[in-house]
Amino acid sequence: MTPLICEMVLSSITGMLHCTAGRAVLGLCVSRQLAPWLSSLRSSTSKVVQVSPGKENEVLVENLTVLGVDIKMARRRQPGVLRKVITNEQGLARFLQAKGASREVVASIISRYPRAITRSHHHLEERWRLWRNVFKRDDEIVKILERSPESFFRSSDNANLEKNIAFLWSLGLTSKDLHRLLTTAPRTFSNSAELNRQMVELLQDICVSLGGTDPEQFIKRIISRNVYILIRSTKRVKANVEFLRGALRLSDAELLHLLQGHGADILDLSSEYIKRNFRSAEQKLRSLGCCQEGVKKFIILYPPALYISPENLKNKIDCLLEGGVDIEQILEKPRVLDFSAETVRSRLRVLEKAGYDFKKQGIAILDSSRKRFEAKLEKLSEQPEE
């Protein structure tokens, strides 16, 4: 075979592969019939890049630099990618730009998730098609990739993604739910569909065992409230449910109600973390004169107490107490703890200057948005002094 014919065949193959310009990419698609002359083809053309084991592909690094990629970030995130011979950085850039991504966005995506350049054009087209089953427009997907490239590029198994999307739709989840799963917990779609099914079956069993009559709705509520639930082990979730039952001495009906509400938010946490935070919250409340029933009421009304740090919880409670709020009032409206200690202190100072009396007027004013707080404060200033 003449050198000219060799170059023509090489050009045809690299074109079909959408490979890096200036490099011969052969290993994935060259048939066994071409193998006898492959070595001579490499030696007879200057287009082939030889990369020593453990060394970075200099041509690849150069191409990524031209694309505006932050090489230092890419090297820190996924250094192995820069040693690859077969990549698709230019094809990826063309693909994303055709979908509406700017040059800067493309560079940012590759910088933060370099493995994206290993995906073939066919893979990209197929994955985009699957995502369009969930999202209405290309620009929605581009925005997600800009924010979290891993959510799109992490898995290379499109068939498994398709099965998971179909399975999650079958549960009655909304488009909004799938949006959140794809963007916040993309590992849900890297799981095997069977693994996700096992978690769903566990949730069904929990619902039925607690006397629930609508396990499908129970599952939707939990996944909607806690998008991380499907990427945790069934063992962890089961242990957390049992701990809540025992530590709070809940009846089946009480536990079912808790899990369908804010209790779902903590099911994915480490069991040891929940136990530690519960002991700390219990100890703090007991030191303030709360009985076991008071502790139970507090946790049921405010499950976030089990996932914020013990130090943070104690600090917020102390801040309120120092500002003139009673512990009984905190137990009645624990949502005041949603705000940072700094915000609470600032509001307490303002209310103190305004002569606000928590015992007479309650603490609802603390549990409001900034806009509502300022509006209420304005009304207080308009009231005639007694």
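Predicted model: local features only at pLDDT ≥ 70, side-chain atom pairs only at ≥ 80, totals over all residues.
Trainee: How many aromatic pairs does a search of the whole structure find?

Mentor: A pair of aromatic rings is described by the distance of the centres and the angle of the planes. When the whole structure is searched, the number of aromatic pairs found is 8.

Trainee: Is the pair of Phe 95 and Trp 128 stacked or edge-to-face?

Mentor: The ring centres of Phe 95 and Trp 128 lie 5.6 Å apart, and their planes stand at 80°. Planes over 60 degrees apart count as edge-to-face. The pair of Phe 95 and Trp 128 is therefore edge-to-face.

Trainee: How many residues apart in sequence are the parts that this pair ties together?

Mentor: Phe 95 and Trp 128 are both buried. Because Phe 95 belongs to helix α5 (residues 89-98) and Trp 128 to helix α7 (residues 121-131), the parts that the pair ties together are separated in sequence by 33 residues.

Trainee: Which helix holds Phe 152, the partner of Trp 131?

Mentor: The rings of Trp 131 and Phe 152, with centres 5.1 Å apart and planes at 65°, form an edge-to-face pair. Both residues, Trp 131 and Phe 152, are buried. The pair links distant parts of the chain, 21 residues apart, with Trp 131 in helix α7 and Phe 152 in helix α9.

Trainee: Which residue has its charged end over the ring of Phe 167?

Mentor: A charge over a ring also occurs at Phe 339, where Arg 347 lies over the face at 4.8 Å from the ring centre. At Phe 167, the charged end sitting over the ring, 4.8 Å from its centre, is that of Arg 197.

Methods: Residues numbered from 1 in each chain as written. Heavy atoms only, no water. Phe/Tyr/Trp six-rings, centres within 6.5 Å; stacked < 30°, edge-to-face > 60°. Helix = DSSP H or I, 4+ residues; strand = E, 2+ residues; numbered from the N terminus. Buried < 20%, exposed > 50% of the residue type's maximum accessible area, 1.4 Å probe, protein only. Lys NZ or Arg CZ within 6 Å of the ring centre and 35° of its normal.
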